[in-house]
Amino acid sequence: MVAPEQPDRVLVVDDDPGIRGLLESALTFAGFEVEVAADIPQALERVQARLPDVIVLDVMLPGGTGFDVVSMLRSRSIGVPVLFLTARDSVEDRVRGLQLGGDDYVVKPFSVVEIGARLEALLRRARGTAVPAGSALTFHDLSLDPKRHEVRRGERPVRLSPTEFKLLHLLITHPGQVLSKTQILEAVWQYDFGGDSVVVERFISNLRRKVDDGEVPLIHTVRGVGYALRHEP
């Protein structure tokens, strides 16, 4: 007899009991197994007791922020996907969250249907769309090794999050080709963000900061079209 498939586990971290209850009910109805936490100590306790498959994490929490939680998780090499909940006008929150290793964000007020769809997309990407192992790839003085999950610019090592690594892998396997934001969203996130392409811009900005810092720029914007990996001496 084939054992029934276990539901994906979601940890919802939010200090607002109304939001916790809403997400717990909606995500349970959608087929997830849901745990909740109201603050940072509870969140870390839940993660330590049983690692979730994905986390929904509010930015503003008692005694700290969701950024603190992600920083602690990533420092312990816990790569569980994280979906941030942010205020509508907090662009800085979105940028910082993605830079720290978050995978996506939803602004408040939000749709629970959208939350469920984005969680499904994050889980698909985390499980089924990892960068395929293969020989190291090079472009100019940039190298990417899928087997070792290593990136170097010349002799300088470049530390990337899993999402940044996947984005750079997409660019380096299409050298010189201009990739639109839509193509990048479909390839890296496997989700139609409904025109919200800011996430691509933020991750491209992160890559530039890490890959091109102090070097001849390789990651270029083609205004109105997309992005390309090019060497323009």
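Arg230 counts as partly exposed, at 29% relative accessibility; here a residue is buried under 20% relative accessible area, exposed over 50%, and partly exposed in between, with a 1.4 Å probe and protein chains only. The side chain of Arg230 meets that of Glu232 in a salt bridge, with 4.0 Å from N to O, a salt bridge being a side-chain nitrogen of Lys or Arg within 4 Å of a carboxyl oxygen of Asp or Glu. Glu232 is likewise partly exposed, with a relative accessible area of 44%. Elsewhere, salt bridges that share partners join Asp14, Asp58 and Lys108 into one network.

This is a predicted model, in which local features need pLDDT of at least 70 and side-chain atom pairs count only at pLDDT 80 or more, whereas totals for chains, interfaces and linings use all residues. Residues are numbered from 1 along each chain as its sequence is written, and side-chain values use heavy atoms, with hydrogens and water left out.

**Overall composition**

- Of the 233 residues in the protein, 47% are buried.
- Among the contacts in the protein with a separation of 6 or more, 58% involve residues 24 or more positions apart, where contact means heavy atoms within 4.5 Å.

**Strand S6 and its neighbours**

- Strand S6 spans residues 82–87 and is mostly covered, as 5 of its 6 residues are buried.
- Strand S3 (residues 54–58) pairs with S6 in the parallel sense over 4 bridges; two strands pair if DSSP finds at least two bridges between them.
- Within this pairing, Phe84 of S6 is the bridge partner of Leu57.
- S6 also pairs with strand S7 (residues 104–108), again in the parallel sense, over 5 bridges.
- Here the bridge partner of Thr86 is Val107 in S7.

- Helix H3 covers residues 66–75, and its buried residues include Gly66, Phe67, Val69, Val70 and Leu73.
- These residues lie on the same side of H3 because they cover an arc of only 160 degrees around the axis, the arc being that of the directions from the helix axis to the C-beta atoms.
- The N-terminal end of H3 is capped by Thr65, which has a side-chain oxygen 3.2 Å from the backbone nitrogen of Phe67.
- Just after H3, Ser77 takes a positive phi of about 60 degrees.
- Rings of Phe, Tyr and Trp (its six-membered ring) pair if their centres lie within 6.5 Å, and planes under 30 degrees apart count as stacked, over 60 as edge-to-face and the rest as tilted.
- By this rule, the count is 1 aromatic pair.
- Phe67 and Phe84 form an edge-to-face aromatic pair, with 5.6 Å centre to centre and 65 degrees between the planes.
- The pair links distant parts of the chain, with Phe67 in helix H3 and Phe84 in strand S6, 17 residues apart.
- Phe67 and Phe84 are both buried.

**Salt bridges across the sequence**

- Side chains of opposite charge can pair when their charged atoms come close.
- A search of the whole structure finds 11 salt bridges.
- One of them joins the side chains of Arg153 and Asp212, at 3.1 Å from N to O.
- Arg153 belongs to strand S10 (residues 150–153) and Asp212 to the loop between helix H8 (198–211) and strand S12 (219–222), so this pair ties together parts that are 59 residues apart in sequence.
- Arg153 counts as buried at 2% relative accessibility, and Asp212 counts as buried at 10%.
- Arg156 and Glu215 form another salt bridge, in which the closest N and O atoms are 3.9 Å apart.
- Since Glu215 lies in the loop between H8 and S12 and Arg156 in strand S11 (residues 156–158), the pair ties together parts that are 59 residues apart in sequence.
- Glu215 is partly exposed at 30% relative accessibility, and Arg156 is partly exposed at 27%.

**Pro162 in helix H6**

- Pro162 lies in helix H6, which spans residues 162–172.
- Pro162 is exposed, its relative accessible area being 55%.
- Between Pro162 and Gly101 there are 8.2 Å in space, C-alpha to C-alpha, while the two are 61 residues apart in sequence.

Conventions. Helix = DSSP H or I, 4+ residues; strand = E, 2+ residues; numbered from the N terminus. Polar contact = N/O pair within 3.5 Å; in protein donor to acceptor, adjacent residues only side chain to side chain.
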